[in-house]
Amino acid sequence: MKRTDWPVVAVALALAFVLAAPADAQRRRDREVLEELETRVGVLEQQIRADNVVALINAQDELRREIQALRDAVERLDEDLRRNAELRRSQFAALEERLVAMEARGFTPAPAGPQDVTGQAPGDADDAAEDTVPGDQPTEAAEPAIEAGSQENYEQARELLGQAQYQAAGAEFLRYLEANPGGGLAANARYWLGETFYVQGQYQEAGAEFARVVSDYPDSNKLADSLLKLGYTQDELGDTETATATLERVRQDFAGADAANLATIRLAQIEARSR
């Protein structure tokens, strides 16, 4: 190379250096901008993740509060149902006892007794005789015992039941049924015999009598009540599944009747116990 060429080469190198410097600086700035952008994106992603976590945590806490509120409401409802069921049970028990007493006193009226020629009933004549001086009239023979299977026998049993003399009432109902199993009051007598066992807590015996009414007297006006009490006894004996089926039958077959309403209440009590 000629010595005269060095200045040209030097100028070319200087020009190349000058031109290359801005390109390097631009690349560095580009890298810096890119790194800054990546940093900002990373920060935003972290913030988004943090915000989502916080939102999820808040939503979870809100759900927990709502679930707890629902549990509290369910517990209060269960308690109210239990109290209402107990209240209704006591009310219906008291009402049933009153009905038993009322029916025992006058549900089946006794036939009017014959009058003697003086116009007095035999009881009145007896009362008048007690007021007379002994010896004025001959002493009457003792009144004969009530005939088994008669209407008087049934009425006596009902009266004893109304007086809460359950064992004596049961014995009279049984005496009636043994003497007159096909009588017009047989289904009623069988039902009330079951009641004498039920009120004494003898649920096995009571259930057998109620079941007899259902099977032997399907056309009786005591069918609905007997089915209802049969369901009660099955529940008392712990046979919840059979009791539920029996009470459901009462509710469906006798819709609108008092027995159906009582069956609905007992079913609600059974369901509440099973929770």
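Contact, on this tour, means heavy atoms within 4.5 Å. Keep that in mind as you click around.

**Before you start**

What you have open is a predicted model, where local features need pLDDT of at least 70, side-chain atom pairs count only at pLDDT 80 or more, and totals for chains, interfaces and linings use all residues. Residues are numbered from 1 along each chain as its sequence is written, and side-chain values use heavy atoms, with hydrogens and water left out.

**Stop 1: the whole protein**

Show everything as a cartoon. You'll find nine helices and zero strands, so the run of elements from the N terminus reads α-α-α-α-α-α-α-α-α; helices (H or I, at least four residues) and strands (E, at least two) are DSSP runs, numbered from the N terminus. Of the 275 residues, 25% count as buried. Here buried means under 20% relative accessible area, exposed means over 50%, and partly exposed is in between, with a 1.4 Å probe and protein chains only. Take the contacts between residues at least 6 apart in sequence: 51% of them join residues at least 24 apart.

**Stop 2: alanine 164**

Select alanine 164, in the loop between α3 (151-162) and α4 (166-179). Its phi is near 65°, a positive value in a residue other than glycine. Most residues other than glycine have a negative phi. With a relative accessible area of 42%, alanine 164 is partly exposed.

**Stop 3: alanine 189**

Move on to alanine 189, in helix α5. Is alanine 189 buried or exposed? Its relative accessible area is 0%, so alanine 189 is buried. Setting aside residues up to four places away in sequence, alanine 189 touches Tyr154, Phe173, Tyr176 and Leu177. Now pick glutamate 155 too: it is 34 residues from alanine 189 along the chain, and their C-alpha atoms are separated by 9.8 Å.

**Stop 4**

Two packed helices are described by the angle between their axes and the distance between the axes. The axes are lines fitted to C-alpha atoms, for helices over the stretch in contact, and angles run from 0 to 180 degrees between N-to-C directions.

Colour α5 (residues 186-198) and α7. Their axes come within 11 Å and cross at roughly 25°. That makes α5 roughly parallel to α7; angles under 35 degrees count as roughly parallel, over 145 as roughly antiparallel, 65 to 115 as roughly perpendicular and the rest as oblique. α5 passes α7 in a left-handed crossing, meaning that the near helix is turned anticlockwise from the far one by less than a right angle (clockwise would be right-handed).

Show side chains for Tyr191, Glu195 and Tyr198 in α5, which meet Asp225, Ser226, Lys229, Tyr232, Thr233 and Glu236 in α7. By class, this contact of α5 with α7 has three nonpolar, two polar and four charged residues. For these classes, Ala, Val, Leu, Ile, Met, Phe, Trp, Tyr, Cys and Pro count as nonpolar, Asp, Glu, Lys and Arg as charged, and the others, Gly among them, as polar.

**Stop 5: α6 against α7**

On the α6 side, look for Tyr203, Ala206, Gly207, Phe210, Ala211, Val213 and Val214; on the α7 side, Leu223, Ser226, Leu227, Lys229, Leu230, Thr233 and Glu236. The contact of α6 with α7 divides into nine nonpolar, three polar and two charged residues.

**Stop 6: α7 against α8**

Next, bring in α8 (residues 240-253) beside α7 (residues 223-236): the axes come within 8 Å and cross at roughly 160°. The pair is therefore roughly antiparallel, again with a left-handed crossing. Among the α7 residues that meet α8 are Ala224, Leu228, Gly231 and Gln234, while the α8 side includes Thr242, Ala243, Leu247 and Val250.

Zoom in on glutamine 234 in α7. At 14% relative accessibility, glutamine 234 counts as buried. Leaving aside neighbours within four places in sequence, glutamine 234 is in contact with Asp239, Thr242, Ala243 and Thr246.

**Last stop: α9**

Finish with helix α9 (residues 258-274), which has 17 residues and reaches 25 Å from its first C-alpha to its last. Buried residues in α9 include Ala259, Leu262, Ile265, Arg266 and Ile270.

How values were computed:
The expected span of a helix is 1.5 Å times one less than its number of residues.
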